[in-house]
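Here are my notes for you, as promised. Have a look at the model first, then go through the points one by one.

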Amino acid sequence: MLPPKAFLDAIGSQASRLFNGENPLPRAEFEAQLKGILQGALSKLDVVSREEFDSQMVVLARTRARLEALEAKVAALEEKLAPPPAE
């Protein structure tokens, strides 16, 4: 993985080639090329897509709900198995 400064320098040099072109690009083509540069740069980082993040959040929420239900069942069973208080 590139150090942050080298990473930003690489993105900057690629983007500057778009800005310094002899013929100005049409807006749609410029946006497409810039998007390609950014996607290529981000693919080199250790990050996940928004879709993957959202799906993992759903899995995490489901797992937490199941864990809480299991904890409640264990607490109820422990309460049943606890010896009666001594008088």
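1. Let's start with a term: a residue is buried under 20% relative accessible area, exposed over 50%, and partly exposed in between, using a 1.4 Å probe and protein chains only. By that rule Met57, at 41% relative accessibility, is partly exposed.

2. Some ground rules. What you have is a predicted model, where local features need pLDDT of at least 70, side-chain atom pairs count only at pLDDT 80 or more, and totals for chains, interfaces and linings use all residues. Residues are numbered from 1 along each chain as its sequence is written, and side-chain values use heavy atoms, with hydrogens and water left out.

3. How confident is the predictor? pLDDT is its confidence in each residue, from 0 to 100. The chain has a mean pLDDT of 83, with 89% of its residues at 70 or more. Confidence is lowest in helix H1 (residues 4-19), at a mean of 74, and highest in H3, at 96.

4. Helices (H or I, at least four residues) and strands (E, at least two) are DSSP runs, numbered from the N terminus.

5. Of the chain's 87 residues, 7% count as buried. Leaving aside residues up to four places away in sequence, Ile11 touches Leu38 and Ala41; a contact means heavy atoms within 4.5 Å. Ile11 and Ile37 are 26 residues apart in sequence, yet 7.1 Å apart in space, C-alpha to C-alpha.

6. How many salt bridges does a search of the whole structure find? It finds one. The term means a side-chain nitrogen of Lys or Arg within 4 Å of a carboxyl oxygen of Asp or Glu. Here Arg50 pairs with Asp54, and their closest N and O atoms are 3.2 Å apart. Both residues lie in helix H3 (residues 50-81), four residues apart, or about one turn of the helix. Arg50 is exposed at 56%, while Asp54 is partly exposed at 34%.

7. Back to Met57, which belongs to helix H3. Together with Val48, Phe53 and Leu60, Met57 forms a nonpolar surface patch of about 340 Å² accessible area. Patches take residues with over 30% relative accessible area and no salt bridge, joining like charges within 9 Å and nonpolar side chains (Val, Leu, Ile, Met, Phe, Trp, Tyr) within 5 Å. Accessible areas come from the Shrake-Rupley method with a 1.4 Å probe; for residues, only the protein chains shown count as cover.

Methods:
pLDDT = per-residue confidence, 0-100.
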